[in-house]
Amino acid sequence: MAVTPRTVEELTRAAAPRSQAIGAVLDFIRQRPLGALGGAIILAMAVVAATAGLLAPFDPLETDYAAMLAAPDASHWLGTDAYGRDVLSRIIYGSRTALMVGLGASFIGATLGAVIGVGSAYFGGRIDLVVSRVMDVFFAFPVIILALAVVAILGTGLGNVILAIATPMVPRCARVVRSSALSIRELPYVDAARAAGFGHRRIILRHMLPNVMAPLLIMATAFLGEAILLEASLSFLGLGVQEPIAAWGLMLRGAAVEFAETAPWMAIFPGLAISLGVFGFNLFGDSLRDALDPKLRTQ
Amino acid sequence: MAYYILKRLLAMIPTLLGVAVLIFVLLRVVPGDVVEARYLAQGSQFQSQDLMDQERKKLGLDQPLWKQFTTWMAGLARLDFGLSMWTGAPITEEIKLRFALSLQLAIMASTIATLLAIPLGILAAVKQDSWVDYAVRVFSIAGLAMPSFWLGILMILTMLIFFKWLPPMVFTPLWVDPWENLAQLIWPALAVGYRYSAVGTRMMRSAMLEVLREDYIRTARAKGLWLKLILSRHALKNAILPVLTIISLEFAFLLGGLVVTEQVFNLNGLGMLFVEGISRRDYTLVQALVMLVATAFLCVNFLVDIAYAWLDPRIRYR
C-alpha cells in the first residue's frame, strides 16, 4: 500500500504535542534554572543506574587483595577500599540501591499516606478523629528512631529498609493529603458522585485522589532525597543494606572511618555521591513545588 | 487563656498514652528478648531453659503483657522509670549523664541553626531572584543534601590532615572544663546546625517574601522609611514566627535523633543509648527514652502554641 502523503495540518497536529512538551521543558529550564539543574542530576543518576554494567570499569563485588586501599590512579580512578574493591564501580552500582530505596520508599509511603489521608477526610467524624490521633502519636517519634524500630522488627536488607523508611513517611503524607482532601470533600462534584450512588471506594480513588495529586507529588519528591539520606544513615549504622551490596552509606562504614587518614578517598567520594544525588532531588522538588503550588509562586 | 493551657496540657495525655502503647508493642514484636541477647553476647548459646526462665521471672518478663504494661504505667505515673533490664541500674542514672550531653548538643546546634538561618533567609528574600538569592538557596539545599555524619567525617579528616589535631574523644561536662567541653562538642554542633539551618533559611525566605508583599510594608515604603528599618521593625517580627517554630520543633528531635552523628564523633548521647538499648532488647530503657523524647516534643509543641497565642493577637484560643 502506498504511503498517503500527509497534509500540513496533519503533520503539525501530530507534531504539536511533542513540540509543546519540549516547549514546556524549555520554559522550565529558562524560568527555573536551579530546578533544571536538579532534573539534570536526577536524569544523570538514572542513566548511570540503568547502564551501571556498561559504565563501571570493575565488578563492584570483585575483591583484589593485591590492590587494597590503593590510591586513585589510572586503573582505579577513585581508588580501592579495604578489600581492594574499586570505589568508582561501587559508587556507580550504589546509585541503583539509592534510587531503588528512594523510589520504593516514596511510592509506598505516598500511596499509603494518600489513601489514609483521603479516607480520613472523606469519612470524617469518629474515623477522622481516631486516624488523626494515631498520626499524632507517630509524629512524636524522631524519623530515624521509627525507622530503626521497624528495622529491629523486620531485620536488615533492601526490602525491609524500604519499608522502614516508608513508615515515617506515611503519617506525614497522610496529614498533608488530609488537609487538602478536607476542602475537596465539600465540593459539589463529590456530592454529585455520592448522589449518583457510587461506592466509597470509587469516590475516594476516582474522584478525590486525583485532586490531591499536586501536594502528594510535592511531598513524594521532597521525600525522595530524604529517603536516600535515611538509607545512607541506616546503612552507615550497619542496620540498612548489608554487605557486599554496593550502597553509598555502607561504603562510609567501618574501614572508611578507620583508614580515613591514609585512604581518604574511601570516605570522600561515596559521601559526595550521596550529597549530589540528594541535592538533585531537593533542587528539583523545590522548583516543582514552586511551579505547582500557586500560593508559593514567587514570580 | 488558663483554660486553653489546661486543655492543651490534658490533650497531651492521650498522645503520650498512644506513644507508650506503640513503643511497648513494637518492642515486644522485635524477635528475642534481653535474656537471649545477654547469653548471645556472652557467647554461650546453649544455656539451660531453666536458667533463662529464672532470669525472665526476675525481670518480670514472664508476666502477661497487660500486667507488664500496667506495672510500667504505674511506675511512670510516679515518675519512676524502673531499672534497666541490661545493667540493673536505675534508668534515671543511665540517662542522666547522656542527657546532659545531648541537651547541650541540641542547644548548640539550634543556636547555630538560628544564627545562620535568619540573616541568610532575609538576605535571600530581599535580593529575590538575584545571584545572592541563588547562592543562599544552593548553600541551604546543599546543607540538606549532605549527610551530617559525612560532614562530620570530613571535619575530622580536615583537622587530622591539616592541623594534626583531633577533638577530645571523652566527654567533659561544661562545668568541669568548659574549654575541653566546647572543643569536643562544637564540631558535631556545627555539622548538625548547618543541616538544620537549611530548613530555617528556606522558611525565613518564604515567610519574608510573603510579608514583604503585605500592604503595611508598602505603606512603610511609601512613607519613605529606610529598608533597614522596615525589615527590622515591621517585616522581621511577622516573618520570624514560623522560623522559630520549625527550629524549636526540630530541637526536641535533636535530643534523641542524632544517632548517626553521635556515632561519628564518638559521643555517648541518648541516640547511641537508644541503638544499644534496642540491640540488647532492654525494653525498660528504650521505653523510657522514647517517652522522654516524645514528652520533649509535645512540650515544645505546646510552648510554641502558647507563644503563638500570646504573640499574635489574631490567634484565638478556645
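Reply: In chain B, 36% of the 318 residues are buried, where buried means that 20 or more other C-beta atoms lie within 10 Å of the residue's own, exposed means 12 or fewer, and partly exposed is in between, with C-beta atoms placed from the backbone. This is a predicted model: local features need pLDDT of at least 70, side-chain atom pairs count only at pLDDT 80 or more, and totals for chains, interfaces and linings use all residues. Residues are numbered from 1 along each chain as its sequence is written, while chains are lettered from A and ligands numbered from 1 in the order in which they are written.

Chain B has 13 helices and 0 strands; helices (H or I, at least four residues) and strands (E, at least two) are DSSP runs, numbered from the N terminus. Along the principal axes, the C-alpha atoms of chain B fill a box of roughly 85 × 60 × 35 Å.

The part to look at is helix H12 (270–279) of chain B. Of the 10 residues of H12(B), 8 are buried, so this helix is largely enclosed by the rest of the structure. The buried ones are Leu270(B), Gly271(B), Met272(B), Leu273(B), Phe274(B), Val275(B), Gly277(B) and Ile278(B). They pack against helix H6 (143–154) of chain A, and also against helix H5 (91–126), H10, H11 and H13 of chain B. After H12(B) comes Arg281(B), with a positive phi near 55 degrees.

Two residues are in contact if their C-beta atoms, placed from the backbone, lie within 7 Å. Leu148(A) is also one of the residues that touch the most other members of the largest nonpolar core, which has 163 residues. A nonpolar core is a set of buried Ala, Val, Leu, Ile, Met, Phe, Trp, Tyr and Cys residues joined through C-beta atoms within 7 Å.

Now the wider interface. In total, 39 residues of chain B are in contact with 36 residues of chain A. H12(B) is among the helices that each supply at least two residues to the side of chain B that touches chain A. That side has 31 nonpolar, 7 polar and 1 charged residues; Ala, Val, Leu, Ile, Met, Phe, Trp, Tyr, Cys and Pro count as nonpolar, Asp, Glu, Lys and Arg as charged, and the others, Gly among them, as polar.
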